[in-house]
Amino acid sequence: HLVRVFATGSYRAPRELNWVIGVGLFGVMLGLVFTGTVLKWDQEGWEALQHNEEIGELLGGAGVWFTPEFTDSTSILERLFIAHIAILPFLLGGLALVHMLLVKHHGISARPGEAIAHPGHTDTREAMEHEGYRPFTSHLVHIVGWGLVLTAAGSLLALAFGGPLGEVIDPSEEKTKPLWMFLPLYPFEDWFGIRALLWLPIVAFVVLAAVPWIDRFRSSALRPRAPLLVAGIAIIVALAALGIYGQVSKPAEHVPGVEEEGAG
């Protein structure tokens, strides 16, 4: 969805805030994937937790929640469980609600490069005149309906195939790699260490959120925005290449002290 909105330039004024909220939704979804990975508590989950704690240490006081030092009464695994079932779903629902309200407020955007034929018309009015007026409730019914279909399909697949646990935890070495959506970061961890897992996502999300202000082209048409679109395609290709490289590379030790902990 982010790629589609980026390609069509639908993040342009007055929809900048909704783009930023969409980036936030993307981040929350990745957070749910990460916490869910840890909660499996197999080898992959254990290694993910070690990375979580190392990043928390790098953040210093700002990352204490992610370390065992935060409190003795609630373990870090329990805190990640709370984040997975309560905090992150609450954020997801809240952001999604604001996202939908802004869609209702601003209306649909015109197709890329569609000229506004009548002075004073908004792109929403122009789009409705070209494509036909549809009330927001119709849009909402489609979202809810297809959402239920996808939920049912996902539930059936989960019942039919399940999600098997990985290897039993062996703290003496790192054996696993992250899920596909995190794989492009894996080579950077090889090259630059754990710090890459902290700073690269921060920079990536800041740049992604700033896209409406980076785009200085005065049209949503594809041709004038070609340099931005080419840059976006190049980034997607680079992420795919990094993910493939990460998948075929040999797992390496990244977390300091893993061997010592296993030996102890």
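Predicted model: local features only at pLDDT ≥ 70, side-chain atom pairs only at ≥ 80, totals over all residues.
User: Got it. Which helix holds E189?
Analyst: E189 sits in helix α7, which covers residues 186-192.

User: Is E189 buried or exposed?
Analyst: Buried: the relative accessible area of E189 is 4%, and buried means under 20%.

User: What does E189 touch?
Analyst: Leaving out residues up to four places away in sequence, E189 touches H51, I194, A196, L197 and H254.

User: New topic: how many residues does α2 have?
Analyst: Helix α2 has 24 residues, 16-39. From first C-alpha to last, α2 reaches 35 Å, close to the 34 Å expected.

User: Which residues of α2 are buried?
Analyst: Among them are W19, I21, L25, V28 and L32. The buried residues of α2 pack against α1, α3, α4, α8 and α9.

User: And what comes just after α2?
Analyst: W41, which takes a positive phi of about 55°.

User: Last one: at what angle do α4 and α6 pack?
Analyst: About 145°, with the axes of α4 and α6 10 Å apart. The crossing of α4 past α6 is right-handed.

User: Which residues make that contact?
Analyst: From α4, M100, V103 and K104; from α6, F136, H139, L140 and I143. By class, the contact of α4 with α6 has five nonpolar residues, one polar and one charged.

How values were computed:
Residues numbered from 1 in each chain as written. Heavy atoms only, no water. Axes fitted to C-alpha atoms, helices over the stretch in contact; angles between N-to-C directions. Helix = DSSP H or I, 4+ residues; strand = E, 2+ residues; numbered from the N terminus. Left-handed = near helix turned anticlockwise from the far one by under 90°. Contact = heavy atoms within 4.5 Å. Nonpolar A, V, L, I, M, F, W, Y, C, P; charged D, E, K, R; others polar. Buried < 20%, exposed > 50% of the residue type's maximum accessible area, 1.4 Å probe, protein only. Expected span 1.5 Å × (residues − 1).
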